Amino acid sequence: MATSASSKLNKAVKQQYMALPQGDMVQAMYIWIDGSGEGLRCKTRTLDSEPKTIEDLPEWNFDGSSTYQSEGSNSDMFLIPSAMFRDPFRKDPNKLVLCEVLKYNRKPAETNLRHSCKQIMSMVENNHPWFGMEQEYTLLGTDGHPFGWPSNGFPGPQGPYYCGVGADKAYGRDIVEAHYRACLYAGVKICGTNAEVMPAQWEFQVGPCEGINMGDHLWIARFILHRVCEDFGVVASFDPKPISGNWNGAGCHTNFSTKEMRDDGGLKVIEEAIERLSKRHRYHIRTYDPRGGLDNARRLTGHHETSNIDEFSAGVANRGASIRIPRSVGQDKKGYFEDRRPSANCDPYIVTEALVRTCLLKEEGEEPTDYSK
C-alpha cells in the first residue's frame, strides 16, 4: 500500500514535543481556499493570548503567486479571519481560523465565494434557511490507487460495502473514526458518517447549519479530513468520479429547508421551490462543481444512483432524481428536500447561495442577479 513517507515518522517522538507547555502563547492556523477553488492552504502564527471572538484575530497575508491566485509582480493577498474553531491537532487553546481571501485592492479573490454567499444569506435571515450536506470522498494511496484495493485488480463488485462491517468490506475505518472525533472536538457540526457503495469510499454529514455556517463548517471538516489523512499517509479525494466504469461516483447531496417548509403544510412550499428549480437546471449544474459542470458530467449519467445531467427530475424517495423528497416528508407534509446534483468537490458557499437565490429570492434565468446595483 502506497503511503507517504511522513506517515512512517515516529508519532510517539512527536508527542513528546507536543506535550510541552506553551505558556500563554496560542498557535492560530489560518486556512484558506486556493485558486483552484477546491484546494486548501494553511499557515500558522503565534498570538499573545487566546482569541475569544473572530474580532480578536488579526488580518494576515500570503504569497498568492504560489497558490494560483496572483502574479508574482503583485502577489500579496489578504487573509480575513471569518470563522474560528478549536484545533484538534494542537488542542486547546490553539485555533483553526477559516479565512476569506482579498486581492491587493481589497476585492474578493475569484475563488472567495464566501463573500457573495454571506451577502445573499443576510437577505433571507428571516427565512432561517437550514442546510445539511452529505460529503462523499474516496481514500487513495499516494500513488492514486484506491486504498485497500488489490494492486493489480479490483475488489468484488458493489453490494456488500455500503455501511459494511469487516476487514473485507470497510477499508480505512481508522481514518473515519479519527476524523469524526477531531470534528467533534473542533466544534464542527458533524452529524454522522457511513461507509459508501464503492469500497474505500466514505461519507460524513454536516448540519443542520443555518446560512453561511454551512460553508464554514463543511470547509473546516474537509480541512480536518485532509490533515487526518496526512497523518495516516493516505489521500482524501473529492473527485466526483475517481474510478471510471461500474463504480459509484462521489457527490455532496445538499438538504435544504426554510422555516416555512418545516412548519405544518410546508410540503406545498417545498413543491413550489422544486418547480422553480426545474426551470433553472442549467444554472445550478454550472454552479455545482468547480469546472462549470464538466466534473459532474462524469458522475451524473443516470446510473449509479444519479440523475442525468441534462434532465431535471424530482420524486419521493427516488435516489435517481435530481431532487429527492424523503418519504417521511411526503407523509408529514413538511420538512426538507434533498438536491442530489452537487458534486463531491463543490464549493458549499455557491451551492447554498444558488439554492437561496432560486428558491427564496425567486431568481430566474441563466445568470445570478446583481443586487449591488
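From which domains does the lining of the largest pocket draw at least three residues each? The lining draws at least three residues from each of domain 1 (22–111) and domain 2 (121–360), the domain bounds being taken from an automatic or database domain assignment. The model is a predicted one, in which local features need pLDDT of at least 70 and side-chain atom pairs count only at pLDDT 80 or more, whereas totals for chains, interfaces and linings use all residues. Residues are numbered from 1 along each chain as its sequence is written, and side-chain values use heavy atoms, with hydrogens and water left out.

The largest pocket has a volume of about 510 Å³. Of the 21 residues that line this pocket, Lys 14, Gln 15, Pro 88, Phe 89 and Lys 91 are the closest to its centre. Pockets and cavities were located on a 1 Å grid over the protein atoms alone, a cavity being a set of points where a 1.4 Å probe fits but cannot get out, a pocket being an open set with protein on both sides within 12 Å along at least five of seven lines, and lining residues having an atom within 4 Å of a point. Grid points are joined across faces, edges and corners, and a volume is the space filled by probe spheres set on the points. Two or more residues of the lining of the largest pocket come from each of helix H1 (11–18), helix H3 (173–186) and helix H4 (213–232), and H1 gives the most, with five residues; helices (H or I, at least four residues) and strands (E, at least two) are DSSP runs numbered from the N terminus. By class, the lining of the largest pocket comprises ten nonpolar, four polar and seven charged residues, where Ala, Val, Leu, Ile, Met, Phe, Trp, Tyr, Cys and Pro count as nonpolar, Asp, Glu, Lys and Arg as charged, and the others, Gly among them, as polar.

Lys 91, one of the residues closest to the centre of the largest pocket, is found in the loop between E4 and E5, and its phi is near 70°, a positive value in a residue other than glycine. The loop between strand E4 (76–86) and E5 also holds Pro 93, and the peptide bond from Asp 92 to Pro 93 is cis, with omega near 5°.

H3 and H4, which both contribute to the lining of the largest pocket, have axes that come within 9 Å and cross at roughly 135°. H3 is therefore oblique to H4.

The second largest pocket has a volume of about 350 Å³. Among the 23 residues that line the second largest pocket, Glu 136, Glu 196, His 253, Arg 319 and Arg 340 are the closest to its centre. Strand E6 (130–140) and strand E8 (201–210) each supply at least two residues of this lining, which has four nonpolar, nine polar and ten charged residues. Strand E8 also contains Pro 208, and the peptide bond from Gly 207 to Pro 208 is cis, with omega near -5°.

The structure holds one cavity of 30 Å³ or more, and about 70 Å³ of space lies in the largest cavity. Strand E5 (residues 95–102) gives the most to the lining of the largest cavity, with four residues, and the lining residues include Ile 33, Arg 114 and Tyr 349.

How values were computed: Axes are lines fitted to C-alpha atoms, for helices over the stretch in contact, and angles run from 0 to 180 degrees between N-to-C directions. Angles under 35 degrees count as roughly parallel, over 145 as roughly antiparallel, 65 to 115 as roughly perpendicular and the rest as oblique.
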